[in-house]
Amino acid sequence: MRVASGTSLALCGLLLLLQPPPSLGLTPPSRGHLCRTRPADLVFVVDSSRSVRPVEFEKVKVFLSQVIESLDVGPNATRVGVVNYASAVKQEFPLRAHSSKAALLQAVRRIQPLSTGTMTGLALQFAITKAFGDAEGGRSRSPDISKVVIVVTDGRPQDSVRDVSARARASGIELFAIGVGRVDKATLRQMASEPQDEHVDYVESYSVIEKLSKKFQEAFCLVSDLCATGDHDCEQVCISSPGSYTCACHEGFTLNSDGRTCNVCSGGGGSSATDLVFLIDGSKSVRPENFELVKKFINQIVDTLDVSDRLAQVGLVQYSSSVRQEFPLGRFHTKKDIKAAVRNMSYMEKGTMTGAALKYLIDNSFTVSSGARPGAQKVGIVFTDGQSQDYINDAAKKAKDLGFKMFAVGVGNAVEDELREIASEPVAEHYFYTADFKTINQIGKKLQKKICVEEDPCACEAIVKFQAKVEGLLQALTRKLEAVSKRLAVLENRVV
C-alpha cells in the first residue's frame with residue numbers, strides 16, 4: 001500500500017475544504033400544481049399611490065395574475081374583483097364581471113395606477129359596503145364560500161384602518177395584509193385577521209412580491225394532501241406539503257430534470273459530457289483588481305471539473321463594447337492549461353454589451369466548428385457587474401430554447417431582472433447575486449455543486465458524502481493539534 005506524503009495530504013485537505021457543503025437534495029424538485037381551490041369571493045385591494053412607481057405597479061399586477069392562475073375560476077367556483085385606490089377608490093372590475101381565468105388575466109393587465117394619496121381605510125370601507133354586495137356579484141354568507149380581501153400597500157395610510165378592518169373581520173371577511181418597503185407595519189397588523197403570522201406579509205421591495213404568490217396558492221387550496229389523494233404525477237415517491245407536493249426517488253435512483261421521473265444511478269462510475277463556456281464581463285466598471293478576482297472565480301470552478309475529451313470541455317469569452325473569444329471549447333485538455341490561459345487573459349475595459357455576448361455564444365461558442373460536441377450538455381455561465389447597454393431578451397430566450405443550461409452571476413450594480421432573464425428554469429436555482437467582488441468565491445462554491453449535479457447526480461452524491469466525512473476528520477485533527485499546541489505552550493512556560 002502506498003502512503004501519501006504530508007504535502008499531498010495537505011493539498012488534498014485544502015481541495016476538499018474548498019468544495020461546497022453537503023446538501024440533502026441533488027436535483028431541485030419540481031412542485032405539483034394540481035390543487036383544487038375552495039370557492040371564494042376574493043377582492044384584491046391594491047395601493048397605486050404616487051409612491052408606487054409604474055414599473056413597481058407592474059410587479060403587483062404580475063403577483064395578482066400568479067394568484068389568479070392558481071384558482072379554480074367560475075360562477076360556482078372562485079370569483080375575483082379588484083379595487084384600486086390612492087386618494088380616491090376605483091373599482092377596476094367587480095366579482096360578477098369575469099367568469100373565466102383568461103378574462104380575469106386580461107382585465108388585470110389593463111389596470112393603470114392612480115398615482116395620488118393613500119386612503120387605505122376608504123378602500124377597505126368600499127370593499128365591505130360595495131365590492132361584496134349582491135349587485136357586484138357577491139354571494140350570500142355560507143360555510144362553503146369564503147370572503148377574502150388581500151390588501152397590498154407600500155406606505156402609511158392617510159386615514160384610519162383600525163375600525164373599518166374590525167368591522168370587516170366581524171362580518172366574516174378574512175383579511176390578508178401585504179406590506180412593501182417603507183410601509184407602516186403597525187397598520188398591517190391593524191388590518192389583518194388572526195392568526196397574524198399567517199395573515200401579515202412583508203417584502204423589502206416590489207421586485208420580490210411575486211414570491212408571495214405561492215403562499216396564496218396554498219391558502220386557497222381545498223385539498224391539503226395531494227399525495228394521499230393520488231393527485232400527483234411522481235413516479236416513485238411523493239412528498240406532501242400544504243396544497244402542493246414534491247417528487248423524490250428511492251435509494252439508488254436520482255430525480256430526472258422533469259422533476260417527476262427517476263433514473264437508476266450509475267454507481268458514481270462516470271459523468272456525462274459537458275461543454276461549459278464562461279461569458280465574462282470585462283467592462284471598465286469591473287476595474288483591474290476585481291477582474292483578477294473574476295479570474296480566480298473561473299479557476300475555482302474549473303478545479304472541480306473532470307476535464308478531458310470525453311467529459312468536460314471549457315471555453316472562455318470576454319465582452320465589453322465588443323466580444324472576444326479567449327479560447328474555444330476543446331483547445332485545452334487539462335485543468336492546468338485552462339487555468340493558465342485564464343490567468344493570462346487581459347482586461348478589455350469599455351462598455352457592457354451582454355446581448356451581443358449571448359448572441360456570440362449561440363452563433364459561435366456552441367457550434368461544432370468551435371469545438372462543441374454533438375450530444376454533450378451545453379452550459380453557459382454569464383458573469384456581469386452592470387446593466388447591459390444592448391437588448392438581451394431575444395438572445396437569452398433563444399439560448400434557453402436551444403436547450404443550453406444558463407447560469408447568471410451578478411455583482412455590484414448588476415440588474416437582477418436581467419440576471420433572471422438570462423437564467424434557466426427554475427430561475428432561483430440558476431441566478432446568483434452578490435454586492436461585493438470579494439465574496440464571489442461563495443457563488444463559485446454554489447456553482448461547483450450545481451455543475452457537478454448536471455454531470456452526474458449519483459457520482460456527485462458519493463463525492464459530497466466523502467468530502468463531508470474527510471472534512472469532519474480534518475476538523476477533528478485540527479482541534480487535536482490546537483490542543484497539543486496549547487499544552488506545549490504551557491510546558492514551555494513552566495520550563496522558563
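**Reading a disulfide, a sheet and a buried asparagine**

The structure, a predicted model, holds 1 disulfide.

Student: Which residues form the disulfide, and how far apart are their sulfur atoms?

Tutor: In general, a disulfide is a covalent bond between the sulfur atoms of two cysteines. Here the pair is Cys-234 and Cys-247, with sulfur atoms 2.0 Å apart.

Student: Where in the chain do Cys-234 and Cys-247 sit?

Tutor: The pair links distant parts of the chain, 13 residues apart. Cys-234 is in the loop between helix 9 (226-229) and strand 7 (237-241), while Cys-247 belongs to strand 8 (residues 244-248).

Student: Is Cys-234 buried or exposed, and what about Cys-247?

Tutor: Buried means under 20% relative accessible area. Cys-234 has 10%, so it is buried. Cys-247 has 4% relative accessibility and therefore counts as buried too.

Student: Turning to the sheet, in what order do the strands lie?

Tutor: A sheet is read by the order of its strands and the sense of their pairing. The 6 strands here form an open sheet in the order 3-2-1-4-5-6, with mixed pairing. Its edge strands, each pairing on one side only, are strand 3 (89-93) and strand 6 (200-203). From one strand to the next, the twist averages 20 degrees.

Student: In which sense do strand 1 and strand 2 pair?

Tutor: Strand 1 (residues 40-47) pairs with strand 2 in the parallel sense, over 7 bridges. As one example, Leu-42 has Val-80 in strand 2 as its bridge partner.

Student: Which strands does helix 2 lie across?

Tutor: Helix 2 (residues 54-69) lies across strand 1, strand 2, strand 4 (146-153) and strand 5 (173-180). The helix runs at about 170 degrees to strand 1. Helix 4 (residues 120-131) also packs on the sheet, touching strand 1, strand 2, strand 3, strand 4 and strand 5. The direction of helix 4 makes about 50 degrees with that of strand 3.

Student: Where does Asn-84 lie, and is Asn-84 buried or exposed?

Tutor: Asn-84 lies in strand 2 (residues 79-85). Its relative accessible area is 1%, so Asn-84 is buried.

Student: What does the side chain of Asn-84 join in a polar contact, and which residues does Asn-84 touch?

Tutor: The side chains of Asn-84 and Ser-48 are joined by a polar contact of 2.7 Å. Leaving out residues up to four places away in sequence, Asn-84 touches several residues, among them Val-46, Ser-48, Phe-57, Lys-90, Glu-92 and Ile-111.

Conventions
Residues are numbered from 1 along each chain as its sequence is written. This is a predicted model: local features need pLDDT of at least 70, side-chain atom pairs count only at pLDDT 80 or more; totals for chains, interfaces and linings use all residues. Side-chain values use heavy atoms; hydrogens and water are left out. Helices (H or I, at least four residues) and strands (E, at least two) are DSSP runs, numbered from the N terminus. Buried means under 20% relative accessible area, exposed over 50%, partly exposed in between (1.4 Å probe, protein chains only). A polar contact is a pair of N or O atoms within 3.5 Å; within protein, one must be able to donate a hydrogen and the other to accept it, and residues adjacent in sequence count only if both atoms are side-chain atoms. Contact means heavy atoms within 4.5 Å. Two strands pair if DSSP finds at least two bridges between them. Axes are lines fitted to C-alpha atoms, for helices over the stretch in contact, and angles run from 0 to 180 degrees between N-to-C directions. A disulfide is a pair of cysteine sulfur atoms within 2.5 Å.
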